[in-house]
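Reader: I would like to go through this structure with you. Could you put it up, please?
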Amino acid sequence: MTRQLKREVKIGNITIGGTHPITVQTMLNVPVKDIAGNVAQAKRVAAAGCQIVRVTVPTPADAAVVSAIKEAVDIPVVADIHFDYRAALAALDAGADKIRINPGNIGDDDRVKAVADACNAKNVPIRIGVNGGSLEKHILAKYGAPVPEAMVESALYHVRLLEKHDFDNIVISIKSSNVPRMMAAYRMLSAQTDYPLHVGVTEAGGNRMGLIKSGMGIGGLLLEGIGDTLRVSLTEDPENEVYAGYDILRAVGYAVAGPEIISCPTCGRTQYPMIEIANEVERRLRDEGFKKPLKIAIMGCVVNGPGEASDADIGIAGGKDEALLFIRGEKVRMLKGDIVGQFIDEIHKL
Ligand code: SF4
């Protein structure tokens with residue numbers, strides 16, 4: 001894949017765009033007044049590998065959550081602003097590393113200028129976040145539906161409002177819950193701008209449809225070289241959005257820290273509790289924060305398993321209440337009893 005190279009934008013201690021690694025972000029979902037709860041969740045998502053975290057700041061007083069999170073984690077914090085430009089200014093004062101705001105939503109030009117100037121003074125970027133479900137009335141009237149052309153026009157409309165005030169430290173997202181529409185919109189936008197793109201499918205759903213839509217939409221765009229940072233939106237804990245983000249990057253072929261679990265679907269040959277074992281191995285490695293980029297195979301039978309997983313660094317293949325351990329294609333020994341515990345021990349030795 002050839003990556004579509006965009007200009008570089010610095011968000012706190014992270015740079016996106018250019019050839020920089022594609023970053024994974026999420027958004028906190030604790031009520032904003034619960035600052036301790038937001039801080040605790042920010043620590044959890046950071047521990048899960050989140051690289052940029054967003055929090056809503058509906059009023060200027062709520063900017064206190066930004067400074068509290070910044071004291072607790074060392075990843076960049078993005079303030080999500082909808083209509084109140086004073087909340088954006090307060091979030092900047094509180095140390096926000098990026099502001100997500102659509103300048104067309106905050107009223108007259110003086111307010112846009114106030115936010116653009118304040119961000120320029122602190123070298124803080126702005127993400128324009130267009131959502132197919134909330135396009136400007138005049139654009140929706142022109143196109144009749146939130147088609148990709150309408151979404152692109154909306155994004156460029158907000159971009160121009162900022163550029164008018166000499167602001168070009170911009171990231172753009174152009175999300176829709178409709179995967180083909182979202183992909184078409186990003187393609188069209190990417191052809192027209194060199195601002196880096198935050199990719200995602202909005203209102204994607206839960207751990208089933210949300211993962212499928214995000215894998216298709218985000219993963220499909222990444223395979224076309226489009227996307228500089230991503231958020232998987234799930235009706236789920238934000239940690240799961242982070243894990244899903246990395247799994248999409250891994251599936252697309254990017255090098256990602258942490259193991260890649262490969263496992264067969266099982267079939268009538270399987271004679272050990274493989275589904276439970278595969279889930280348990282994945283959960284334990286995740287919980288301990290295992291970061292080695294190993295390919296770990298969990299296969300259903302000794303007949304076909306080792307051969308089908310011959311490119312794995314380490315694996316097991318099930319026999320009857322036992323499992324054959326194989327390391328880089330070599331059969332090592334049978335594991336009996338606590339198969340998961342012994343397998344994890346062997347993984348640690350690599
Ligand atoms: S590896 Fe064995 S158990 Fe798994 S699907 Fe293939 S034949 Fe079935």
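Reader: Which residues does UniProt give for the feature "domain: IspG TIM-barrel"?
Author: The unreviewed UniProt entry places that feature at residues 7-245. UniProt positions are given in the numbering used here, feature names are shortened, and annotations may be inferred rather than shown by experiment. This is a predicted model, in which local features need pLDDT of at least 70 and side-chain atom pairs count only at pLDDT 80 or more, while totals for chains, interfaces and linings use all residues. Residues are numbered from 1 along each chain as its sequence is written, and side-chain values use heavy atoms, with hydrogens and water left out.
Reader: What is the helix and strand content of residues 7-245?
Author: The span is 44% helix and 17% strand, and its end C-alpha atoms lie 22 Å apart. Helices (H or I, at least four residues) and strands (E, at least two) are DSSP runs, numbered from the N terminus.
Reader: Turning to electrostatics, how many salt bridges are there?
Author: The count comes to 24 salt bridges, each being a side-chain nitrogen of Lys or Arg within 4 Å of a carboxyl oxygen of Asp or Glu.
Reader: What is the salt-bridge partner of D80?
Author: D80 pairs with R54, and their closest N and O atoms are 2.4 Å apart. Because D80 lies in strand β5 (residues 77-80) and R54 in strand β4 (residues 52-56), the pair ties together parts that are 26 residues apart in sequence.
Reader: Is D80 buried or exposed?
Author: D80 counts as buried, at 2% relative accessibility. R54 counts as buried too, at 6%. Buried means under 20% relative accessible area, exposed over 50%, and partly exposed in between (1.4 Å probe, protein chains only).
Reader: And which residue does R86 pair with?
Author: R86 forms a salt bridge with D84, with 2.9 Å between the closest N and O atoms. R86 is partly exposed, at 48% relative accessible area, whereas D84 is buried, at 16%.
Reader: Where does E241 come in?
Author: The side chains of E241 and R231 meet in a salt bridge at 3.0 Å, N to O. This pair links distant parts of the chain, ten residues apart: E241 is in helix α9 (residues 238-252) and R231 in strand β10 (residues 229-231). Both E241 and R231 are buried.
Reader: Last topic: which residues are around the ligand?
Author: They are C264, C267, R269, T270, G300, C301, N304, G305 and E308, a residue being near a molecule if one of its heavy atoms lies within 4 Å of it.
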